[in-house]
Every structure is written in structure tokens, then in C-alpha cells.
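Keep the sequence and the 3D view open while reading.

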Amino acid sequence: MKKYYKYLSLCLFFIVIFFLSPLSGDDWGNYIVGSEGVRYSLEVAVELYFNWEGRFISRVLINILTYHKWLWNIINALVITGTIYMGMKFVGKKPKKFIFPLMSAVILLMNLYTFSQTITWVAGNITYFFIVPVLLWYFYYLLNNDDYNKFFTFICVLINLFGTMFVENMALVLVGGNILLILYKYIKTKKVDRRLVVYTIISIGSILVMLLSPGTKYRSTIENVEFNKLSLFGKIIFNIPNFVYYTFIINTYLLVLMSYSNYLIIRNKIDNKYLKVFLLIFMLVVPLFTIFIYPISMFMNTDLFLLIDTKNLFVIVYWLLYLVILSVLVFLQDRKELKLVFLFLVGLMSNVVMLMSPTWGFRTSLFTYIVLAIVALNIINNYLKDNKFYEYCSYGVFVGTIIFYLIFYINICRCQSNLEKSIKKQLEEDSDVIYIDRFPYFANCNINPENEYHMGKYKLYYGIPEDKELILIDGKWKYLIFYSN
């Protein structure tokens, strides 16, 4: 228990946060589907497979767990804690004391939009996050085990069979990761691992079942029509700004970790002093500006925004060169074992495959963000020794962030309680207009019903007659996290 009390405490913290967080956006409609029972939830998932999407596994889980949100609260806390645990496993057998809070901060200090879309939003969380610790375990286990029994073989088969039916880019990560594992094992043993070949075939077959679903085909004919007409090269060129933005610019905490890990590699692995100075300037100056500018740009306009604008050719060229040098540095750090190189490539793959997709967003970059952060923490752990100053600073940030989220979501819960009472009172008074207090934009994904589709589902969820008008009211939130009655 002494070894795991930190994980238990973190899990309990997330359970509290999720019980305080309300349903939002697509969750309103998914709750209604789930209220009809498991059988109906399965029927809807099958119907959507033929009419809208191939994400069958995530859709079934969304329908069931949104209605049973108490169960999702617990499972999601375990999923997130499991992700942090697997991240620690990748860091090494003897992580320094300051690594745990820094690893936990990978979740706690992620971009606020990413947090709202993949941590507290039920549909987004199940689709984009549930598969993350599963794949981390899968890759870690196969990297470190050549001989394993039939039980683990069966588990690996299940992962390859069903793990591709959560979301498209993660399905391609599983297939691509299997191929990289075959190459890795061959480099190490000069033999082809037959079980990995079987896993790869299963994952390819499973992803084809998802990508070639009638629903996916139909959806592609009515959405992003112009993008779909582009050639493969045209799609990549079109998406390079998105790749730069969602891989690097939005991830302030990742840039902090990578800047420090890059500094450590350059200092210890580069002998030529001129090259060392050049690389330190090139790899640190712009990221440090971005770390400062991006958070400010989220809340106010500034002329400095030009330095992170992906319409700026300089910004695009810089970050592409940064990625090339970063890849070389990671290879220099781990050219003997190659496990870190494998992890880096798998993490990057999640965003690379998105170059062929029109549907970029904060949630689609989640896996790349988490894995690149684990790579950086592995490097930091290798070079730094345990130090009380590091430990106090890292735990200070960790505790401060937890306090922020507790205050914020306690106030979210207060607002939600008052909102439900207000809606009930307005319905009893038979008001023609229902007034709704607006939540902060980063509290949860689409937490405010601001389009026709979500307004319709919102009315169904709260029992508001269709003919009633909804009007959002501002002014209840002060200083971003404090709610005023």
C-alpha cells in the first residue's frame, strides 16, 4: 500500500472531480439512449454503424456509461490513474521522487480545451482516452517480454480485435505500432515474431471493419466533401499547419518538459561546442516564447500572437525543423536500446496519421501529447538525481493544480444545482423563455447549448418543451474559477 497510496489518492481525487462535473453536449442525447436499456444501446450502436460511424465499441460504451454516470466516474478515474501508472513504467524501474507529480501533471496541466474534451466530457473521454492506457500496457508488455503464456496472448488478440473500434487515429496507431514492434524485435533478435505478425493481421482486419462501415462511407459523402477531393499530397500540405498547432503550440506543459529534456541531451550528447550552442538556441528560444505567448493568447489578443500563428510560414518551417532535430536527439539518447525511439515514433504516429484527416481537434492530439511527455520525462529521469528542491517544486505545482480543479468543479457543481432549480422553477411558472446561466467555456465540451442540435437534446434531457426558447446569461463567473450567486 505504501507503494501505491499515491495512485489511490490520485484516483480518489479524479472520482470527486467527475462526480462534481455535469453531463454536456452530446452526453444529453446519449443519456436518453442509455436510459432505454442495454439492448437499445446496442441497437443504436449497430444502427449508427450502418448509418453514421464505425466506432462501434466506443459507441456502445458511451450509450451505457453516460446513463450510468456514477460507474463512468469510477472507471474513468481508474483509466486516468492507469495511464499515469503506465507512464511511470515507461520512465524506468527506479523513477526519481519528483517524477510522479510531474507525470500526474501531464493530465492536470494539459491544455484546458483538451482537458474538457477528453477528461470530463463522457463521449470524448470514452472515444479518445479509454484506449490510451490499454495501448500503453500493450506496447510496454510486448517490448519487455518475448516469452509469455496463452492468457496474455489471448489478451493481446482481444486488444487487436476490439481496440481499433474506438477512434480512427488510435486504430492506425495500433496497426503502425504492431509493424514497428515487428521491426524492433527483428533488429534485436534477427527473427520475425510470428505472434506479432498475427496481431498485425488481426488489427488490420479490425480497422477495415471500422473504416469500411456503411455509416463511415455515407458520412464521408456529406461531410468535408472538398477535403476528400484532395490528393494524398494535397491533404498533407493542407494539414501541416494543424499538425504543428496541435502537436506543439497548444501543449504548453509538453513544451516545458521537452525544452528541459532537449537541453539535457544537447548538453550531454553533443561534443562540438559550436553545434551545441546552435542547438541550444534553436531548440529552446522559440519554444520558450511559445510557452509564454500561447496561454496569454487564450484570454486576450496580442501582437505577439504572430509568433505562434500557423499561417506564418516561418512558424511552420521552424517547427518542422524542430521535429527533425528532436527525432535525432531522441535517437542519440537511446540508440542502443531503441525502446524510447519506439515510444517516440508511436506517440508521433497518432498526429502523423491525422495529416490525412479533415477532423483535427484538441482531443485528436491527446495520445501524441501524453506519449511525447512520457518520453521527455524518461530523459529527465535519466539525467537528474533526486533533489529536495526538485521534489518540493514538483509537488507544489501538483498540489496547486489539484486545489484549482477542486475549487473550479465545486463551483461547477454549485452552478449546476442552481441551474436545475432555476429551470424547474421557470417550467412551473410556464415561462415562454428559459434563462440558463452560461458556464465557463473550458468547463466541459459544449457545456452550453449554443447550437440547434444541442439545444434540442438539452430540452429533452431537462424536460423542457420544444416550443420554449433558451437564452444564455453571462456574468455569474468571476476570475474564471469563482461562481457568484
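## Terms and ground rules

Buried means under 20% relative accessible area, exposed means over 50%, and partly exposed lies in between (1.4 Å probe, protein chains only). E168, with a relative accessible area of 22%, is therefore partly exposed.

This is a predicted model, in which local features need pLDDT of at least 70, side-chain atom pairs count only at pLDDT 80 or more, and totals for chains, interfaces and linings use all residues. Residues are numbered from 1 along each chain as its sequence is written, and side-chain values use heavy atoms, with hydrogens and water left out. Helices (H or I, at least four residues) and strands (E, at least two) are DSSP runs, numbered from the N terminus.

## Salt bridges

A salt bridge is a side-chain nitrogen of Lys or Arg within 4 Å of a carboxyl oxygen of Asp or Glu. The whole structure holds 10 of them.

One of these pairs E53 with R219, with 3.8 Å between the closest N and O atoms. E53 sits in the loop between helix 3 (38–51) and helix 4 (56–67), and R219 sits in helix 13 (residues 214–222), so the pair ties together parts 166 residues apart in sequence. E53 is buried, at 9% relative accessibility. R219 is partly exposed, at 26%. Both belong to a network of salt bridges that links E53, R59, R219 and E223.

R55 and E168 form another salt bridge, at 2.9 Å from N to O. R55 lies in the loop between helix 3 and helix 4, while E168 lies in helix 11 (residues 168–189), so this pair ties together parts 113 residues apart in sequence. R55 is buried, at 18% relative accessibility.

K229 and E226 also meet in a salt bridge, at 3.6 Å from N to O. Are these two buried or exposed? K229 is exposed, with a relative accessible area of 60%. E226 is exposed too, at 57%.

Two strands pair if DSSP finds at least two bridges between them. Strand 1 (residues 433–437) and strand 2 (residues 469–473) run parallel and are joined by five bridges. How does the chain get from strand 1 to strand 2? It passes through helix 22 (residues 452–462), in a right-handed β-α-β crossover. Right-handed means that, with the strands pointing away from the viewer, the path from the first strand over the helix to the second runs clockwise.

Two of the partners can be picked out by name. V433 has E469 as its bridge partner in strand 2. D437 has I473 as its bridge partner in that strand. In a regular strand the side chains alternate between the two faces of the sheet. On strand 2, L470 and L472 make up the covered face. E469, I471 and I473 make up the uncovered face.

## A nonpolar surface patch

Patches are made of residues with over 30% relative accessible area and no salt bridge; like charges are joined within 9 Å, and nonpolar side chains (Val, Leu, Ile, Met, Phe, Trp, Tyr) within 5 Å. Accessible areas come from the Shrake-Rupley method with a 1.4 Å probe, and for residues only the protein chains shown count as cover.

Which residues make the nonpolar surface patch of about 420 Å²? They are V277, I281, V285, F289 and L307. F289 lies in helix 17 (residues 273–297). F289 is partly exposed, at 44% relative accessibility.

## Cysteines

A disulfide is a covalent bond between the sulfur atoms of two cysteines. Here the test is a pair of cysteine sulfur atoms within 2.5 Å. How many disulfides does the structure hold? It holds zero. The sulfur of C413 has its closest cysteine sulfur in C415, 9.9 Å away, which is too far for a bond. C413 is partly exposed, with a relative accessible area of 29%. C156 is buried, with a relative accessible area of 0%.

## Positive phi angles

Most residues other than glycine have a negative phi. L338 has a positive phi, near 70 degrees. L338 lies in the loop between helix 18 (313–333) and helix 19 (339–352). L338 is buried, at 17% relative accessibility.

N446 also has a positive phi, near 55 degrees. N446 belongs to the loop between strand 1 and helix 22. N446 is partly exposed, with a relative accessible area of 36%.
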